[in-house]
Structures are given as C-alpha cells and as structure tokens.
Amino acid sequence: MVKVSLKGEVKEFESGITVAEIAKSIGMGLYKAACVGKIDGKVVDLRTPITADCEVEILTFEHPEGKKAYWHTTAHIMAQAVKHLFPNAAFAIGPAVENGFYYDIDLDRSLTPEDLPKIEAEMKKIIKENIPIERFELASDEARALMEKEHQIYKLELIDEHAGKGEKISFYQQGDYTDLCAGPHLISTGCVKAVKLTANTAAYWRGDSKNKMLQRLYGISFPKASELEEYLAKVEEAKKRDHNVLGRQLGYFTTCDLIGQGLPILLPNGARVIQILQRFVEDEEQKRGWQLTKTPYMAKSDLYKLSGHWDHYKDGMFVLGDEEKDSEVFALRPMTCPFQYQAYLNKNRSYRDLPLRYNETSTLFRNEASGEMHGLIRVRQFTISEGHLMCTPEQLESEFQGCLELAIFMLKTLGLYEDVSYRFSMWDPNDRTKYIGTEEQWNEAQGIMRKILNHLNIPFVEGIGEAAFYGPKLDIQIKNVFGKEDTLITIQIDQMLAEKFGMEYVDADGKKKNPYIIHRTSIGCYERTLALLIEKYAGALPMWLMPEQIRVLPISERLHTDADKVVKKLQAAGFRVTCDTRNEKIGYKIREAQLQKIPYMLIIGDKEAQENTVSVRSRKDGDIGSMPIDAFLAKATEQVATKAID
RNA sequence: GCUACUGUGGCUCAAUGGUAGAGCAGCUCAUUCGUAAUGAGCAGGUUGUCAGUUCGAUUCUGACCAGUAGCUCCA
C-alpha cells in the first residue's frame, strides 16, 4: 500500500496504482478532464504508476501544465498527420507555446494555406481513432538507431545533445508515429477535441539564420468546440485594435511606396500626439535634473569607428558615401550615444559634476532588414526619448533607480504599466564576436545590474545574448495585438565606452577616472509608444493626448454663432476643439465624432443657446445630460490636468 | 534577408484571357433636422511597376516595388 496525499487529504492505495486510476477514484468528471498528473511537484503522464508515498495532484486543461501537455499532444497529432501526408517529413521541435503549439518540419516543398485544412482533416481522423499514446525509453545508441531508421536527422542532433548526460532517451508512440520527446502527454489522441491550425510560416532550424529554413505550423486546441470559437473570436477582436489599421483609419499616419519601407508619414493627428508626448517628457526630465542636448543626425565614419558601431553595427546603418572612392564617409546616426559623449567631452569634468544627465529628443536611422518593418512599431527612422547619464560607481545604483522610476512614472501615466514585463538582457559568452570588452568587465557590469534589479525587487526573465554590444540591459517589454513582444523602454549599464572615448572625471583623490554610463530611454521611441497606445485604447487615447479633445455640434445653421462662442471659450482654456458646421443631422455628426473617438461632443440646440449650457455626450458613456459651460469646462480641465485614463 | 500569402478608384470589397462594378468617403443640389448614417444627382480606375507569353492580359509567367503573418534581427 502507498499513502497518497491529495490536496492535503491522505488516502491509501495499492502500490502500482496509476495517476489516472486515482483520478477515477475521485470522480469520473475529473478522470475525463485530467490531462497530466503531478507527483511530488514533477509533472507526469496519467499512466505513471505510484509505488511510494507521495503527494499527487491531478491537472486538467485549466492548469497551465495541463494546457501545455494538451497542446503538446496536439502538436504530436499534427506531426503524425503531416507524416501521413508527407512520408519524407523530418521533424525538428514541436513545443506548446503561450497560445497553442507549433511544430517545425523539414519538407520537400513549402506548405501553403491550402495545406492546412488537409492536415486538419487528417488530424481529426487520428483523434477519432483514439490511438493510445505510450511512453518508452531507450539507451542513447538504441535511440539513435531508431531515429536513423526513420531518417530523422534533426532528432539525431537532439539525441547527441542528450547522450552526453548518460540519461535514457524517452519516446512517445501513437500508432505509426514515434517521436523523441520528454513529455508528458495525454494518454490518447481521442482526448483532444477542438483543433484549428492557425498559420503556416517558416523558421530556421535552431533559430539560426545560417541554418536551413523549416516549415512551421501553428495551431491551437481546446477540450470544447465553444472554447475554440471563443478564442478565435477574441483573436479577431484583438486585430480590430491593430494600430496599423486603426492608426491609418484615424489619420495618425500613412505610408507611401515612393518614400520607402519603414518610413511612415505622421499625419496631423499622429504628429500632434507625439508633440504632446515630447513636451511632456522633456518637461518631466527637466524636473528630474536632465539637461537637453541637440546633436547632429550624422557624423563621419571616424566617430562610429571609435564607438565600435562601425565594427558591430555597420549593417544597421545608412552609410553616405563610398569608403573606396570618397575621402570622407558619413553615416546617419543609429544611436545617440557617441554624440552625447562629445558633449561630455566639451570640458574637463570633476566628480562634482556627476551625475551628469543628458537627455535628447533624438531622431535615429536604422537600416532594418526589409522583412522586419511593421506599422509604427518597427521603422527605419524614429525619434526616441534618449538619455545618457555619466556617474561615479557609488552613484550607479541610485541613478539606475532614478532612470527606472522615471520609466515607471511614464508607463503609469500612459496606463501601460500593468502590461509590461522586464527582461534582463545579458551577453552570450559563447558568441564573443558580438561584443566588446573582457569577460571580467561583462561579469562586473552584469553583476551590478543583477544586484540592482534584485535590490529593487524587479521580477525579470533573463535574456541570454540580448545585450547591447557594449553592456547589459534592462528591457521593459510589451506585447502588441498579435501577442508579439517588443522592447518599449531600455536602461543599460555601460562601463566600456567611456574608456574608448577618453571620458574622464577628476575624483576627490585627484585621480582621473572613467565614469559609468547609463544609456536609457524614458518613454521609448515615440512612434512605437504611439502604436501601443492606439492598440491599448483601441484609438480612444486618454483625453490629454487626443489630437481633438472636444467637438461642438450645433443642431442647425442658426446656432452656429452660439456654437462658435463655446468653441472660442474652450480654445481660450487650451483645449483642442473643432466645430462641425456641416449641414447634417445631429445623429450623423455624432456618429462621425464617435467613430473618431472624440472624448466629448457638445450638442448646441436652441435650449442650450438660451440657457447658456451645453448638452454633453462622452465617447464612453454616451449622453450625460446638459450642464452650464463652466461646469463642463471645470470637468474637462480636471480630466486633462490629471492626465486621467478614462 | 528568409518562408508563405496579398496588391482593383481615398477606404472596404466584387468581376473577367476580349481594356472593370458596388457600398462608404468626396463634390453638387434639395433638406435646417435633438444623441451612431436624410434624399437625389455627379465625378473618380491605362486593375502596384516593368518585362514576357498571346491576335488580345487587369486576369497567365518572371523580375522589381509595397503590404501582412512568422523566422532572423531589434527601440
């Protein structure tokens, strides 16, 4: 007999009982819903026998681990279907991801969207057959032999990686399909119910662009058809917030073939919002002790050679001129760092000058690869709230904290704070060509950053190989409507470039020392931030940011004079306000203002003109009744002054 | 850059190997109206660009340009 603790309750079972049987003993509902089990914290198949006292948990689809196994099993079913249709397929990896699963497969031809329904149909057959999924283990040489027989070259590579560890290699078999896999899995293909393949794309083997490009199939599955429908509807809903559609519709930006890729035109609405953001950021930074610089958009190649950009970032730069022919070659700046360093170098510095904080609303140019551009999120020319801070080692932590506090202040003001996550971006010691500096320097800089992050209780994930070429970064990440993550804000520690540029300060002991440099942005680059704001608010930005805050709607032509008085009064109070004097019905004017997400519509009819009131309609709450103009003015002023998120 | 897909008037979309239609937007006229679309009329396109196949291409093929998703890269 074994003693099994289930949610704190201890029960006795025959030794050898499986997790599935325990689930059944609790209830058929749980048995049917069970995906995997957890024995003493380790996630296992439901068929796993229990031979010693332990703690057991039954995990259903509702549990993240249950979901993972459910989706991972669906990936295997998809692989089996692909193998039926393409017998020569070689399989790479097929994990569960945040929303569903994918499998990377080497095929003799590229897949097209027409293939998806065929594969889906084959999957449904496999699910209907309800094939048992069984685990077995082999020694590494036997595992090799099995995969060699199946011509699974990618699996052989994976086996070779594990072989060194001396562990047995586990496989999962379902009918005619066997996959190298750590598991765990559901016990049968029939457990999977509603399936949908969502995309056919491609991905490099091992994520390296030097390797072969494999076909990647994405899909998702659920225990109920209704859940699948709900999920797909949610995805469609999210796409309606896409800034690349909404931003164009609402007149924020456009693009033009003649100007080129990644070079959006900010239309009046977009330009206005960015102006408001920039003024806000520059003022806030001034309050926090930052000094504004304005540095050139381009420089001779010599500057970039000194900074290391010429060696490490040249592919990303727009170079003007030909090194072979021209005596002087220039490049548009991809970063502001070396320019602001020259401001520091303008005179000799003492420790009394530090910390020295330079900010700049800085336009940058990066020659991104053609497939990478996306709306306003990824472009070739953008303007960033840039800043470089020179400080002593003793000041580093508090200054880093100051930069982070500023970034958090910005995120909270914009209402994005709840949506971000933190990534500690470190170097990859196995790829030294990407970085300058010594291992000691990297360990030191990363050690300092880790200490600061822990000290400040920042919950972060580690990103190996995500560092800048000169130092580690704290990246503040955010997801767009498609779930794709991008960096919104970054704060970096650099102890290398000061030395390269000969930046020094005279310390209290009279000795010359190199300052630490913090590279940082406070609100990110304005184009990207605007894009994420549009998606966050589905175009209905907080009122203080809206290009048009109030629209006055006179009911008929004879009220234009009265409407104009209201407009003048609001304009005098600093509001961005227009008047819709078109000869249209009020319903029509409201509809347009509503679609343009104008925060307030003020309807002026005979009654209002007579009583000196306005009939207020908010984009959010609809008709909120009439009130004296001054009352509305006070309400609107308050909303803007507090930068309210409505 | 790589894989797949897409490109028709300002926008959303239809149609076809024999040189294109609808709705919305625009303009004109009428209507002066109370909380998400008043009616009528007019105008607007060498079907992304350049080649090729063909008696004939916007439709088929290729290259290029641009867009979308993913990969790589990255703020």
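Helices (H or I, at least four residues) and strands (E, at least two) are DSSP runs, numbered from the N terminus. The model is predicted: local features need pLDDT of at least 70, side-chain atom pairs count only at pLDDT 80 or more, and totals for chains, interfaces and linings use all residues. Residues are numbered from 1 along each chain as its sequence is written, while chains are lettered from A and ligands numbered from 1 in the order in which they are written.

**Figure 1. Overall view of chain A.** Chain A contains 20 helices and 35 strands. Along the principal axes, its C-alpha atoms fill a box of roughly 85 × 75 × 55 Å. Of the 646 residues in chain A, 38% are buried; a residue is buried if 20 or more other C-beta atoms lie within 10 Å of its own, exposed if 12 or fewer, and partly exposed in between, with C-beta atoms placed from the backbone. Two residues are in contact if their C-beta atoms, placed from the backbone, lie within 7 Å. Among contacts in chain A between residues at least 6 apart in sequence, 67% join residues at least 24 apart.

**Figure 2. The annotated binding site.** An unreviewed UniProt entry carries the annotation "binding site" for C337, H388 and H519. UniProt positions follow the numbering used here, feature names are shortened, and annotations may be inferred rather than shown by experiment. C337 belongs to helix α12 (residues 337–344). This residue is buried because 21 other C-beta atoms lie within 10 Å. Leaving aside neighbours within four places in sequence, C337 is in contact with S307, H388, L497 and H519. H388 is placed in strand β23 (residues 381–391) and counts as buried, with 27 C-beta neighbours inside 10 Å. With neighbours within four places in sequence again left aside, the contacts of H388 are C337, Q340, Y358, I517 and H519.

**Figure 3. The surface near RNA strand B.** A residue is near the strand if its C-beta atom, placed from the backbone, lies within 6 Å of it. Among the 63 residues around RNA strand B, S370, G371, T487, G605 and S615 come nearest. Helix α18 gives the most to this surface, with seven residues. Other elements that each supply at least two residues include β14 (194–204), β27 (485–494) and β34 (613–618). The surface comprises 20 nonpolar, 24 polar and 19 charged residues, where Ala, Val, Leu, Ile, Met, Phe, Trp, Tyr, Cys and Pro count as nonpolar, Asp, Glu, Lys and Arg as charged, and the others, Gly among them, as polar.

**Figure 4. The nonpolar cores.** A nonpolar core is a set of buried Ala, Val, Leu, Ile, Met, Phe, Trp, Tyr and Cys residues joined through C-beta atoms within 7 Å. The largest has 68 residues, and F400, C403, A407, I491, I518 and L530 have the most contacts inside it. Helix α13 (residues 396–414) gives the most to this core, with nine residues. At least three core residues come from each of domain 3 (261–289 + 348–536) and domain 4 (543–641); domain bounds come from an automatic or database domain assignment. Apart from this core lies another, of 55 residues, among them I77, A92, I187 and L217.

Figure 5. An unreviewed UniProt entry places "domain: TGS" at residues 1–60. The end C-alpha atoms of this span lie 26 Å apart, and the span is 23% helix and 50% strand. The C-alpha centres of domain 1 and domain 3 are 49 Å apart.
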